[in-house]
Amino acid sequence: RYDDQIAIYGREVQDSIENIKTFMIGSGALGCELIKAFALMGVGCGPEGEIVVTDNDEIALSNLNRQFLFRLPDVGHGKSEVACAAAKVANPDCNLIARQDMIYPATESIYNDKFWNERTFIVNAVDNQKARLYVDSRCAWFEKPLLESGTLGTIANSQMIIPHKS
């Protein structure tokens, strides 16, 4: 399944990719693309790996033109639940956990110190500045690398933030 990546990066890198523990916040347009890419790459698909995805939003009819993991019957269902199920179809080995929690100080009992310390890296795919800043502060505190991404209309951006280095 991952022979092309192994040929380029080697088995050791592929093993580490498969055993990454990722936390993704948001499963809308960018989140769908990232979840699909992670599933195809094998991110979190090893025996020690996992991808926790949280998004408190439900799928709306207006999402279907840009959030390609969702279909008409999915309208009204949780974005993270449907996106994770679709990624699981693409790669049944993916260890995906769908959550519908907001990410902010009130959910620190769920996303506590132990949770953050167990993560390998964090992915921000949210459309909310407040959540973005909160996740950034948690990544800085726990010294976790952050893949920051966002959209504005037809424009998208992404950047990798490594604590104390970038």
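**Exercise 1. Describe the overall fold of the protein chain.**

The protein chain has 6 helices and 6 strands (DSSP runs: helices are H or I of at least four residues, strands are E of at least two, numbered from the N terminus). This is a predicted model, in which local features need pLDDT of at least 70, side-chain atom pairs count only at pLDDT 80 or more, and totals for chains, interfaces and linings use all residues. Residues are numbered from 1 along each chain as its sequence is written, and side-chain values use heavy atoms, without hydrogens and water.

Step 1. Along the sequence, the elements follow the order α-α-β-α-β-α-β-α-β-α-β-β.

Step 2. Of the 166 residues, 45% are buried (under 20% relative accessible area, 1.4 Å probe, protein chains only; exposed is over 50%, partly exposed in between).

**Exercise 2. Check the length of helix α4 and find what it packs against.**

Step 1. Helix α4 covers residues 79-90, 12 residues in total.

Step 2. From first C-alpha to last it reaches 17 Å, close to the 16 Å expected at 1.5 Å a residue (1.5 Å times one less than the number of residues).

Step 3. The buried residues of α4 are Lys 79, Ser 80, Val 82, Ala 83, Cys 84 and Ala 87.

Step 4. These buried residues pack against α3 (29-41), β2 (50-54) and β3 (96-99).

Methods:
Contact = heavy atoms within 4.5 Å.
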